[in-house]
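Subject: Structure for your review

Dear colleague,

Please find the structure below, together with its sequence. A summary of the findings follows.

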Amino acid sequence: MQPEFTAIAHPNIAFIKYWGNRDDALRLPLNGSISMNLSGMETRTTVQFDQALVQDHFELNGETQSGPGLQRVSDFLDHVRRLASSNHFARVSSSNNFPTGAGIASSASAFAALALAASKAAGLDLNQKDLSRLARLGSGSACRSIPDGFVEWLPGEDDASSYAVSIASKDHWDLVDAIAVVSQGHKPVGSSAGHKLAHTSPLNAQRVLDAPERIRNCREALLGRDFARFAEVVELDSNYMHAVMRTSNPPLVYWESATEVLLWQVWQWRKEGHAVCATVDAGPNVHVLALKSELEWLQKALWELPGVKNVLTGEPAEGARLAV
Ligand code: PMV
């Protein structure tokens, strides 16, 4: 039996979104993206390789997994085994401190924590770039949960050049993400299947073409702590991605009526002078990004809106790390 390792990673919220791959197997994205790791929510994963095992074993929140859940973990461990030239199976035990199926994407924190714990457990000592590349193979957005704070995923052209880097530490800017949860169910179309539809939208080519401009705008707004400029590009990018989704074949519509009400309300608040803006991932929940000074009234106000079942908050967080 080899030593076990435990790693912790946070989910992240994308300011400039990743949608669509140029290579589905390697998860090479069509465009670069920018995100922030979210404190308060985390995945903790322990991995141990054991030559006595006849297959991989995966437990999530105390329950043994089989079927597609186990398969996805096992496929990921194959990448680790290839890198470590090993043929041993592993015991993987993972838990989220936020409810699975609460409408918060857990695949980013899951594969970032698994990449770190599994590579260590296999005797590898990967640098941050190679860890990010490895995490990307499990879930694209997971590569952004490896570095600290505010992160940019450089899309690259091949496996070696597609990875994420930190562009500012978690202490750079007092931003918060207040997540208005309107649906706790699992999404009808997961993001892996969704990415494959991006190419079917007539708007997709244009979205990809001018992504570098939005990346530049967002990076500059973030580094200069310019909330007005940040808000504009974040909302444009989210709406652009949802326009691509809606015009795909078949169409993907993730928003619910409560999503629309929330987005409208956030725009009103900003018109009234509040430093708030909104972004939506592959689901109906609305991430309200705000300066921390807005958080107190914002949380109360979100709870009062129709259809809001929960409000979770995250602040900028560090990247993936080993548990001590
Ligand atoms: O990493 P995936 O395959 O779960 O894709 C994430 C897609 C979005 O959340 C919609 C956007 C993003 O950049 O996180």
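**Pocket, cavity and cores**

Domain 1 (5-171) and domain 2 (175-314) each contribute at least three residues to the lining of the second largest pocket; the domain bounds come from an automatic or database domain assignment. This is a predicted model, in which local features need pLDDT of at least 70 and side-chain atom pairs count only at pLDDT 80 or more, whereas totals for chains, interfaces and linings use all residues. Residues are numbered from 1 along each chain as its sequence is written, and side-chain values use heavy atoms, with hydrogens and water left out.

On a 1 Å grid over the protein atoms alone, a pocket is an open set of points with protein on both sides within 12 Å along at least five of seven lines, a cavity is a set where a 1.4 Å probe fits but cannot get out, and lining residues have an atom within 4 Å of a point. Points are joined across faces, edges and corners, and a volume is the space filled by probe spheres set on them.

The second largest pocket has a volume of about 220 Å³. Its lining comprises 14 residues, of which D24, A25, R27, L137 and S192 are the closest to its centre. Helix 1 (67-84), helix 3 (128-138) and helix 4 (191-197) each give two or more residues to this lining, and helix 1 gives the most, with four. Helices (H or I, at least four residues) and strands (E, at least two) are DSSP runs, numbered from the N terminus.

The whole structure holds one cavity of 30 Å³ or more, and the space in the largest cavity is about 40 Å³. Among the residues lining this cavity are E235, N239, W255 and W267. Helix 7 (227-246) supplies the most residues to the lining, three.

The largest nonpolar core has 32 residues, and W19, L262, W269, V288, L298 and L302 touch the most other members. Such a core is a set of buried Ala, Val, Leu, Ile, Met, Phe, Trp, Tyr and Cys residues joined through side-chain atoms within 4.5 Å, where buried means under 20% relative accessible area (1.4 Å probe, protein chains only). Helix 8 gives the most to this core, with five residues. Leaving aside residues up to four places away in sequence, L302 touches A178, A180, L262, W269, V288, V308 and V311, contact being heavy atoms within 4.5 Å. A second, separate core of 30 residues includes V73, F111, L131 and L137.

Yours sincerely

Technical notes
Buried < 20%, exposed > 50% of the residue type's maximum accessible area, 1.4 Å probe, protein only.
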